[in-house]
Amino acid sequence: MPLTPSALLETTPTTLLVGGAWRDAEGGATFDVHDPATGEVIAAVADASAADGAAALDAASAAQDAWAATPTRERAEILRRAFDLVTERAEELATLMTLEMGKPLAESRGEVTYGGEFLRWFSEEAAHVNGRYQTAPEGTLRILTTKRPVGPCLFITPWNFPLAMATRKIAPALAAGCTVVLKPAALTPLTALALGQVLLDAGVPDGVVNIVPTSSARTVTGPLLQDRRLRKLSFTGSTEVGRALLKEAADNVLRTSMELGGSAPFIIFQDADLDAALIGARQAKLRNMGEACTAANRFLVHESVAEEFARRLAEDFAGLMVGPGIEEGTDLGPLVSESQRDGVHELVAAARDAGARVLTGGEPVDGPGYFYRPTVLTDVAPDSPVMANEIFGPVAPVATFRDEDEAVRLANDSEVGLAAYLFTTDLSRVLRLSERLEVGMVGVNTGLLSNAAAPFGGVKHSGLGREGGAEGIEEFLETVYVALPV
């Protein structure tokens, strides 16, 4: 029988994981975790200091050589056991995620499935790391290349997908033979800590995965980035923070992976199947309450179908159930914090003041928690802040275009380029736009594109590197060349 929320919170680790042991933070410091549906405190979590971060890197560094020497089959089997345990504990992990992050239980269950797939995928990739052997063109050398682990890694994960963002980084690192220090988001540390217990139960050796939640990220991560033992930084979060981390990482010439901000255009052509576009719009806009880097941020709709699309989208949004994610039947949960909700409303209010029409929503929900009504805006200027900024909330601003060239120009008019969504029945157009759109990922006639077997990442200011797919493990491997004279 699944644990009740209160019993689940009582059994979830709330301390640091360092060297295979759960321990208090220096001085017993803690910080509070809140339920965004009520604003109430649900847990007090150990608040790591710089010394705690150093202890975590000590443990990761001490474990690195032995873990790198562990046969790939053994590493793979540990990851597979972790996948099995995540699957077995799916309901507990989903409930915990909903309690601290707010998303509906159905979406949390979906994230557990998605997050678990990285453990399974990279358990299968672990044994497929290959080098090559060839003759140099001059015939005087044999060229041998091999791969080896980068070394100890620092992972900084966001609050919006607290399980999947952790497994998407940890799984390839462990498969490649790297050890890990994970700094989860202060808003949602409980899911990461529960994952830590899963990994211990799966047989991950002491020190290979260390978890240090903190209310002061820079206090912990700043010294780690300057430590020469650290060899890799992977961060998911805002472009602003990513830029700052890249500057810090440069001093130590760290390998970096950056999955940063997005402003995904959702482009609907006149030949699109509007029924499919509406389903895709709901998926791409309202998944995770819109708090996703891949969320549809700008709806660019051909002028001949824009009015009908906006009307039908507003009707769909108006019929959704907004409420606590823990309650079955909820379609849309709260935003993660009061400041997040207020920021979303500021963008909507500014657009309305500039002449945008609100077809539905446009206001916070009265009462406790950080709820915002699903919103559709029309008559939105392309340069409006609600189009230019990453909304991270359930707001769909609709603008129009006349032809393909204008659609591309509007879509590419952004410093970021993570994802785009394209709805059309013209295959030639799909191929043309896939080459012209300045993004790392394109969803064609679908609002869902993330998959553990696919490379996830963007271009321009949306980041560096790829996570997932066959490409994901390469981020954690160095190539070594050996010259063999004939």
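Two strands count as paired when DSSP finds at least two bridges between them. Keep that in mind while looking at this structure, which is a predicted model.

Let's start with strand β7, residues 153-156. This strand has a partner in strand β10 (residues 232-236), and the two run in the parallel sense over four bridges. β7 also pairs with strand β8 (residues 180-183), again in the parallel sense and over four bridges. Here are the two pairings side by side:

| Partner of β7 | Residues | Sense | Bridges |
|---|---|---|---|
| β8 | 180-183 | parallel | four |
| β10 | 232-236 | parallel | four |

In β8, C153 stands opposite V180, while in β10 its bridge partner is K232.

Where do the side chains of β7 go? C153 and F155 point one way, L154 and I156 point the other way, and all of them are buried.

Now for a pair of helices. Two packed helices are described by the angle between their axes and the distance between the axes. For α14 (residues 404-412) and α15 (residues 427-436), the angle is about 35° and the axes lie 11 Å apart. The crossing of α14 past α15 is right-handed. On the α14 side, E404, D405, V408 and N412 make the contact, and α15 brings R429, R432, L433 and R436. Sorted by class, that contact has five charged residues, two nonpolar and one polar.

Note on methods:
Residues are numbered from 1 along each chain as its sequence is written. This is a predicted model: local features need pLDDT of at least 70, side-chain atom pairs count only at pLDDT 80 or more; totals for chains, interfaces and linings use all residues. Side-chain values use heavy atoms; hydrogens and water are left out. Buried means under 20% relative accessible area, exposed over 50%, partly exposed in between (1.4 Å probe, protein chains only). Axes are lines fitted to C-alpha atoms, for helices over the stretch in contact, and angles run from 0 to 180 degrees between N-to-C directions. A crossing is left-handed if the near helix is turned anticlockwise from the far one by less than a right angle, and right-handed if clockwise. Contact means heavy atoms within 4.5 Å. Ala, Val, Leu, Ile, Met, Phe, Trp, Tyr, Cys and Pro count as nonpolar, Asp, Glu, Lys and Arg as charged, and the others, Gly among them, as polar.
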